[in-house]
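Thanks, everyone. I'll take one structure today and go through its sheet, its helices and its aromatic rings.

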Amino acid sequence: MDLASPISTVVPSLDGPVLLVLAAAEEGLSGRQIHKLAGSGSVAGVRLVLQRLAATGLVHGDDSGNSLLYRLNRRHLLAPIVEQLANLRSTLTTHLAAEISSWHIPPVHAGLYGAIARADGDLDSDVDLLLIRPDHHDADDTLWTAQVSHLMQSVVDLTGNAAHVFELSQSELAGHLSTAPILNDWTHPTLHLTGVPLTEAGRVPAVL
């Protein structure tokens, strides 16, 4: 899956970025505005896509002075599918959060960072996961490692991308957070999955 534009997995043409913009918009947008937000193609190309989508009824074009303002027809049968494709990152985080929440050994904190959190990257980018392990469980704990391995396979199954896990114990986290921020590129931005916020994870007392 292209982590910068997940919708391109099934809509690889210019239609994908255009639909992504329309799905996120609450008001009508001009062709030039959509082109600027999509960051792809040319203004003429975007307008051709909009005209074709308008012919299917999926997009409505409303007269506004000397221009047309385009909006997604949310009553169209395909509109929910477009919205789901536009929110694949959110869907991924929901799936991963649900799996981690069912673990027998819950992490103090679990989150996503790197390309998936920044909404950039490409087809070859890893999905980077941050796991803060409770101090009273070793890194080689059989159950813990089995959970992590299953999670990594889930990422592959859900996205087609490899998973990269950066794992720290609570004590190790406290030490890392006290170092120079440039060494901790996994701290920002992050998408919180489960557990306490990362800023609090190093201060949570270990459960014995």
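Start in β6: there, Thr190 is the bridge partner of Tyr113. Numbering starts from 1 along each chain as its sequence is written, and side-chain values use heavy atoms, with hydrogens and water left out. This is a predicted model: local features need pLDDT of at least 70, side-chain atom pairs count only at pLDDT 80 or more, and totals for chains, interfaces and linings use all residues.

Strands here are DSSP E runs of at least two residues, helices are H or I runs of at least four, both numbered from the N terminus. Two strands pair if DSSP finds at least two bridges between them.

β3 (residues 109–113) and β6 run antiparallel, joined by 5 bridges. Now the helices. Helix α5 (residues 88–101) lies across β3, β4 (127–133) and β6, at about 25 degrees to β6. Helix α7 (residues 142–159) packs on the sheet and touches β4 and β5; its direction makes about 160 degrees with that of β4. Contact means heavy atoms within 4.5 Å. Axes are lines fitted to C-alpha atoms, for helices over the stretch in contact, with angles from 0 to 180 degrees between N-to-C directions.

The whole sheet is open: 4 strands, order β5-β4-β3-β6, mixed pairing. β5 (163–169) and β6 (190–195) each have a single partner strand, so one side of each lacks a neighbour in the sheet.

Last, the rings. How many aromatic pairs are there? The count comes to 1 aromatic pair, with Phe, Tyr and Trp (six-membered ring) centres required within 6.5 Å; planes under 30 degrees apart are stacked, over 60 edge-to-face, the rest tilted. Trp103 and Trp144 have ring centres 5.5 Å apart and planes at 85 degrees, so the pair is edge-to-face.
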